[in-house]
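This report is meant for a reader meeting the structure for the first time.

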Amino acid sequence: MHEKTIVEAKKRLFRGEVVIFPTETVYGIGSNAENEDAVKLIYKVKKRPLNNPLICHFSNIREIEKNFILKEKDIELAKAFWPGPLTLILKKKEGSKINTLVSNNQSLVGCRIPNNEIALDLIKELDFPLAAPSANIATKTSITSINDLDNELKNIFCIDGGSSVLGLESTVLQTTKEGCKILRLGSLTIEEIKKKFSEYKIETIESNLSPGNQLKHYSPNKAIRINAENVFDDEALLNFGKNNLKSKIEDLNLSIRADLSEASYNFYNFLNILDKSKCNRIAVAPIPNHGLGKTMNDRLKRAAYED
Ligand code: TXA
Ligand code: MG
């Protein structure tokens with residue numbers, strides 16, 4: 001079904017262009033990770049500062065092992081969660097052709113194997129990894145459907161793969177001697193890691209360790225008010241679960257049955273719809289702070305941050 005668009009995307013990537021493609025988490029905007037000009041183009045179209053590194057996407061672990069040093073825990077996590085919403089921060093091997101601009105001249109690079117057939121089919125066709133951040137303008141929200149693509153990115157070649165099945169970005173982590181530290185919360189929850197690896201000590205970094213964890217980030221255009229217990233007349237409502245909250249402008253419920261997976265799937269799309277409504281601000285109902293709820297609350301806190 002997508003064969004033709006994959007062939008076209010491949011051609012463009014070989015020419016050093018950028019393309020937008022689906023993954024199971026959010027859409028990515030990718031280019032040849034070994035080509036400096038192609039990598040530069042990503043930062044330019046996204047208006048992203050060069051010091052915020054990109055994730056390299058691969059189709060299999062052998063290609064990752066060619067370029068990176070994997071320690072025992074990296075291999076354990078990779079076997080458990082790849083392909084999937086896990087980004088491992090790995091040390092580049094001497095001689096790796098991955099361009100230094102991908103990771104702000106650091107030897108530590110974020111790597112992942114996405115769990116999406118189109119993304120995997122595309123990457124398999126290439127003889128280089130795909131450097132790809134989320135397909136949005138820097139500081140704005142990630143997108144989970146091509147309908148939500150920013151106008152400024154609409155001239156870029158894009159493979160439409162429907163709605164992203166998970167809806168929140170990958171979890172970025174680095175392994176340590178005792179376990180791992182989480183640099184960005186994401187679709188892979190701390191609970192899921194603990195369930196598989198109960199002996200791991202898991203640290204979460206609340207501060208700014210991952211450069212993408214700037215305070216103001218993942219933000220729609222309208223202001224956000226989190227943990228809302230009421231809704232003002234000029235506010236749209238992003239609701240969660242059953243309650244009496246109501247907006248005079250527009251309401252959307254992430255999950256009436258309070259299911260965090262369903263809420264994650266709807267999260268960015270609903271924020272985008274409400275952003276376009278005639279509200280002055282978006283009030284967000286409280287979301288339980290565990291599992292995927294912790295990730296959504298992290299994004300909402302950054303979106304609500306006023307500097
Ligand atoms: O699900 C995802 O991760 C999506 C899809 C397209 O794969 N990608 C994504 O990329 O969200 P991006 O660039 O929007 O976010 C990547 C995050 C940023 O917070 C970045 O700072 C962090 O990963 N990151 C990337 N490389 C890193 C590195 N070498 N060290 C520390 N953090 C890194
Ligand atoms: Mg992003």
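## A strand between two partners

β9, α6 and β10 form a β-α-β unit that is right-handed, meaning that, with the strands pointing away from the viewer, the path from the first strand over the helix to the second runs clockwise. Helices (H or I, at least four residues) and strands (E, at least two) are DSSP runs numbered from the N terminus. The model is a predicted one, in which local features need pLDDT of at least 70 and side-chain atom pairs count only at pLDDT 80 or more, while totals for chains, interfaces and linings use all residues. Residues are numbered from 1 along each chain as its sequence is written, chains are lettered from A and ligands numbered from 1 in the order in which they are written, and side-chain values use heavy atoms, with hydrogens and water left out.

Within this unit, β9 and strand β10 (residues 201–204) pair in the parallel sense over 4 bridges, where two strands count as paired if DSSP finds at least two bridges between them. C180 stands opposite I202 of β10. β9 also pairs with strand β8 (residues 171–175), here in the antiparallel sense and again over 4 bridges, and the bridge partner of L173 is I182 in β9. The hairpin that joins β8 to β9 runs through 3 residues. Of the 6 residues of β9, 5 are buried, so the strand is mostly covered; buried means under 20% relative accessible area, exposed over 50%, and partly exposed in between (1.4 Å probe, protein chains only).

When residues up to four places away in sequence are not counted, F68 touches F58, L90, K91, K92, K93, I98, V109 and C111, contact being heavy atoms within 4.5 Å.

## Helix α8

Helix α8 (residues 292–304) has 13 residues and reaches 18 Å from its first C-alpha to its last, close to the 18 Å expected at 1.5 Å a residue; the expected span is 1.5 Å times one less than the number of residues. The helix is mostly covered, with 11 of its 13 residues buried, including L292, M296 and L300. The buried residues of α8 pack against β9, β11 (223–225), α7 (260–275) and β14 (281–284).

## Two buried polar residues

S96 lies in the loop between β5 and β6 and counts as buried because its relative accessibility is 18%. Its side chain makes a polar contact with the side chain of N67 (2.9 Å), and a polar atom of the S96 side chain lies 3.2 Å from the backbone nitrogen of I98. A polar contact is a pair of N or O atoms within 3.5 Å; within protein, one must be able to donate a hydrogen and the other to accept it, and residues adjacent in sequence count only if both atoms are side-chain atoms.

H57, in strand β3 (residues 55–57), is buried, with a relative accessible area of 4%. Leaving aside neighbours within four places in sequence, H57 is in contact with R112, P114, I123, P129, L130 and A132. A polar atom of its side chain lies 3.4 Å from the backbone oxygen of I55.

## Backbone exceptions

Most residues other than glycine have a negative phi, and most peptide bonds are trans. A cis peptide bond joins W82 and P83, with omega about -10 degrees, and P83 is placed in the loop between α4 and β5.

Where are the residues with positive phi found? T139, whose phi is near 75 degrees, is found in the loop between β7 (130–131) and β8, and counts as partly exposed because its relative accessibility is 38%. N227, with a positive phi of about 50 degrees, is found in the loop between β11 and β12 (235–239), and at 46% relative accessibility N227 counts as partly exposed.
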